[in-house]
Amino acid sequence: MSEYRPAEIEPKWQQYWLENKTFRTDDNDRDRPKYYVLDMFPYPSSSGLHVGHPEGYTATDILARHKRMIGYNVLHPIGWDAFGLPAEQYAIKTGTHPRKTTNQNIDGFRRQLQALGFSYDWDREVNTTDPAYFRWTQWIFLKLYEQGLAYEASVPVNWCPELGTVLANEEVIDGKSEVGGFPVERKPMRQWMLKITAYAERLLQDLEELDWSESIKEMQRNWIGKSEGANVVFPMKTDGTAPEETIEVFTTRPDTLFGATYMVLAPEHPLVDRVTTDAQKQAVANYRETAARKTDLDRTDLNKDKTGVFTGAYGINPVNNEEIPVWIADYVMMSYGTGAIMAVPGHDERDWEFARKYELPIVEVVKGGDVTKEAYVDSNEGICVNSANNEVSINDLPVPEARKVITEWLEQKGLGKYAVTYKLRDWLFSRQRYWGEPFPVIHVDGKPKPLPEDHLPITLPELDDFEPTKTGEPPLAKAGEWVNTTDPETGKPAIRETNTMPQWAGSCWYYLRYISPDYEQGPVDPEKEKYWMPVDLYVGGAEHAVLHLLYARFWHKVLFDIGVVSTKEPFKRLVNQGMILGELEFTAYKDADGRYLPVDRNGMSEELERVKLEEKDVEKRGDRFVIKGTDTVVDARSFKMSKSRGNVINPDDVVEKYGADALRLYEMFMGPLEQVKPWSMQGVEGVYRFLKRVWRLIMDQESDTVNQAVARSVNSDGSPVVEPDRAQLKILHETIKKVTDDIEGHRFNTAISALMIFTNEAMKWDVRPVEVLKPFLLILSPFAPHLAEELWEKLGVLTNEVSPDAAETEGTTHRSGRTLAYEPWPEYREELLQADSKTYAVQVNGKVRGQIEVPSERAAEKDFVLDAARNEPAVSRHLDKGRVVKEIFVPNRVINFVVK
């Protein structure tokens, strides 16, 4: 092998690592510090990996390899989040069982990951569809049930008849399913719910302990949506014959009660049926039917037109006893607060728009704006007005003080009390699908009953028909023999739960199963859990910033409360890698006469012809692109990779042409890990050229041996001929320091730049000492492990640490029989970072007249440096022209002679 051939090198080392279990984690080695680095495990789709996957995986692999070399016990596992709707839809279309499709997809993903050289401990591989795994998912559900955190309820859900399943709000876009684009309707159905709301405050407060980006924390805070205020009771107006009714309202602004001029109930509010007058019943019924077809996201869209219907009923404002009309409107959600609001149009934009539309009163109660023209919403620090009755006045009080005063008055009068509420809703935890974890629940005498733990796992029945039913019954309802069973405790007839768990279930706790994948007494071995948890670094896409992380944190806190885990939080540090976009696309614009117009002049005209250009047709000028040979600016932008756009990059194609090391290196060289970045095949080619240069740095181009520049550095017995000179040691130790600091700071792109700089310098050396090249290969190895292993082996043969026969047949890399994966990481020496000499520019009367070099160790000695400066011929000529009246010396910076 005379040239760099990754197609030969990489499979060799991948096979060696697998056969020798190089990256198997030793659970018994607990004297060393631990490092648990975790990737968000993938859903194994039929399309395989895309180039966005390896970005995060490469980053964690670099860190894992580095940590091993600095002495950490590293846990770096991988597995499969394998339940999910796509496999079930494929089964419906083709009749292929989802299990078969899933296993085929997993095989494909595993092959791709192993071909990229990731240092996973493959003995810990988990699969959420494996009964040995979901047995413990079901066990955790039973614990949730025992704690009162799992319950059945009839709730309005997003039902997709075509898919035959309930969809989460996030899976519905503009009233259609995200998968397939099928119509979605709102429908009340029996569902399993998890009471995540019971943990809302802890989920909020414990964010402060986490080393996560502030933006991710804020997304979680907003999703939890804590609000402090008061629950206020509004009596209903009655004619004296009907039972007295009240409406309880949660408000964050009790100081604005005097400005409440109407009330709004959620269409689902149980009071609607009781208070609606006969005259309004039909209008209310029609409106409720329309609202039922909307998703929660549609209903709460701030940009949509506000609609509502008057119920005919009136409430009594408790602070001024005024009658205010009661409406229903779909922007009020039953799941938030009490499902009823008091409307203060003077100080809320939504209420103001609604009041103007339906000609309802608008009253100013906080000074500062003109509520006849718009709501005055900058009112949190304002002064209250028009807010007094015979017993209490908050006029002239600042808003914060007014809130306290009016809340205390409400509590004294029994009309309200201080309250906290959250936007977070209980988690809808069931799906009408086949391909999911069965619930460990039966129904006896019409009531749910958990199955005993010794009945786990409850496995899926074999079905040939995966079609959803048109009535909403899940596919499992078709498995009559499986559904109809007996209660193991009483012997009574029982019916199995036919809903399945959502895909979120398996991903809520997989990080624990990696710790002890074969443990039979629980989801995780307690002793190993205490050693490995929490996860030190968790890396994945920002699209999981809310739901997956929130659900996993919730389950972990429940497991903490029942003593299964020892930490309050699962993930100590979180990093979200940026999205990789498709390659830059270039578009020019032509007018009707065929002339190209600069992109900044075309405006929004639809009449202009859009012309797609190739990369060869444009050139970069400053921060813009122009048509080559012209000044015409073109539109240059990258788009999210998608099949429909035709800009998806398959990592297999990149590996086939350039090798896995080139793909790994390029994805880290593109830019900061957390940034959004466009793909560029030219960039891949550039990194590939660097790797070929590293190969030539050590290897001869005509034979399968090291080149003469390397060979000349050692004797036949492997001992060094010459020691590295100071310049060689200086750049080596500069590179070690830079790469070490950058890996620890996740600045992988600049670490690679340092490796490139070293290589360029080392290529100039007539003699390339092995003592310099070996440390270089060690710091290269986390980034390009295959190439580093191969070259390490070649140097081992040269220095007699590896016999040629062993290298040829076994692939061992040095005398200990291990790969370089566990070699100690090189440490830089501070004294070698210093230059041998210091250069001074010498000024005479402020003008530079020459320069001198002095030994670094004497560069701060004034007399020595000034004497050297005086004796510099170019300087002395100017000193001889007059008398030196002043000598200015600033150590390591300035020399200036003042001459008269």
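Colleague: Let's start with Glu585. Is that residue buried or exposed?
Modeller: Glu585 counts as buried, at 18% relative accessibility. Bear in mind that this is a predicted model.

Colleague: Which residue does Glu585 form a salt bridge with?
Modeller: Its partner is Arg645, and the closest N and O atoms are 3.0 Å apart. Arg645 is partly exposed, with a relative accessible area of 38%.

Colleague: And where do Glu585 and Arg645 sit in the chain?
Modeller: In distant parts of it: Glu585 is in strand E25 (residues 585–590), while Arg645 is in the loop between strand E30 (635–637) and H18. They are 60 residues apart.

Colleague: How many salt bridges does the count come to?
Modeller: The count is 65 salt bridges. One of them is between Asp561 and Arg202, with the closest N and O atoms 2.8 Å apart.

Colleague: What does the pair of Asp561 and Arg202 tie together?
Modeller: Asp561 belongs to helix H17 (residues 547–561) and Arg202 to helix H6 (residues 200–205), so the pair ties together parts that are 359 residues apart in sequence. Asp561 is partly exposed, at a relative accessible area of 39%, and Arg202 also counts as partly exposed, at 30%.

Colleague: OK, new topic: rings. How many aromatic pairs are there?
Modeller: The count comes to 47 aromatic pairs. Among them is a stacked pair, Phe41 and Tyr510, at 3.6 Å centre to centre with 0° between the planes.

Colleague: Where are Phe41 and Tyr510?
Modeller: Phe41 is in the loop between strand E1 (34–39) and H2, and Tyr510 is in helix H15 (residues 510–513). That pair links distant parts of the chain, 469 residues apart. Both Phe41 and Tyr510 are buried.

Colleague: What about Trp136 and Trp139, stacked or edge-to-face?
Modeller: Edge-to-face: the centres are 5.8 Å apart, and the planes are at 65°. Trp136 and Trp139 are three residues apart in helix H5 (residues 131–146), so about one helical turn separates them. Trp136 is buried, with a relative accessible area of 4%, and Trp139 is buried too, at 11%.

Colleague: Which residues do ring pairs link into a cluster?
Modeller: That cluster takes in Phe141, Tyr145, Trp192, Trp427, Phe429, Phe439, Trp504, Tyr551 and Trp555.

Colleague: Now sheets. In what order do the four strands of the open sheet run?
Modeller: They go E6-E5-E9-E17, with antiparallel pairing. Strand E6 (165–167) and strand E17 (427–428) are the edge strands, each pairing on one side only. Strand E5 (residues 150–160) and strand E9 (residues 185–194) pair over 10 bridges.

Colleague: Which residue in E9 does Val155 stand opposite?
Modeller: Met189.

Colleague: Helices next. How far does H1 reach?
Modeller: Helix H1 (residues 6–19) has 14 residues and spans 20 Å from first C-alpha to last, close to the 20 Å expected. Its buried residues are Pro6, Ile9, Glu10, Trp13, Gln14, Tyr16 and Trp17. Down the axis of H1 they fall within an arc of 160°, so they line one face of the helix.

Colleague: What's on the face of H1 turned away from the buried side?
Modeller: Exposed residues Ala7 and Glu19 are carried there. On the buried side, the cover includes H2, H4, H18, helix H19 (660–669), helix H20 (681–698) and helix H25 (785–798). Just after H1, Lys21 takes a positive phi of about 50°.

Colleague: You mentioned H4. Which of its residues are buried?
Modeller: Pro98, Thr101, Thr102, Asn105, Ile106, Phe109, Gln112 and Leu113. Looking down the axis of H4, these sit within an arc of 135°, so they line one face of the helix. Their cover includes helix H2 (52–69), helix H3 (85–94) and helix H18 (651–658).

Notes: Residues are numbered from 1 along each chain as its sequence is written. This is a predicted model: local features need pLDDT of at least 70, side-chain atom pairs count only at pLDDT 80 or more; totals for chains, interfaces and linings use all residues. Side-chain values use heavy atoms; hydrogens and water are left out. Buried means under 20% relative accessible area, exposed over 50%, partly exposed in between (1.4 Å probe, protein chains only). Helices (H or I, at least four residues) and strands (E, at least two) are DSSP runs, numbered from the N terminus. The arc is that of the directions from the helix axis to the C-beta atoms. Contact means heavy atoms within 4.5 Å. A salt bridge is a side-chain nitrogen of Lys or Arg within 4 Å of a carboxyl oxygen of Asp or Glu. Two strands pair if DSSP finds at least two bridges between them. Rings of Phe, Tyr and Trp (its six-membered ring) pair if their centres lie within 6.5 Å; planes under 30 degrees apart count as stacked, over 60 as edge-to-face and the rest as tilted. The expected span of a helix is 1.5 Å times one less than its number of residues.
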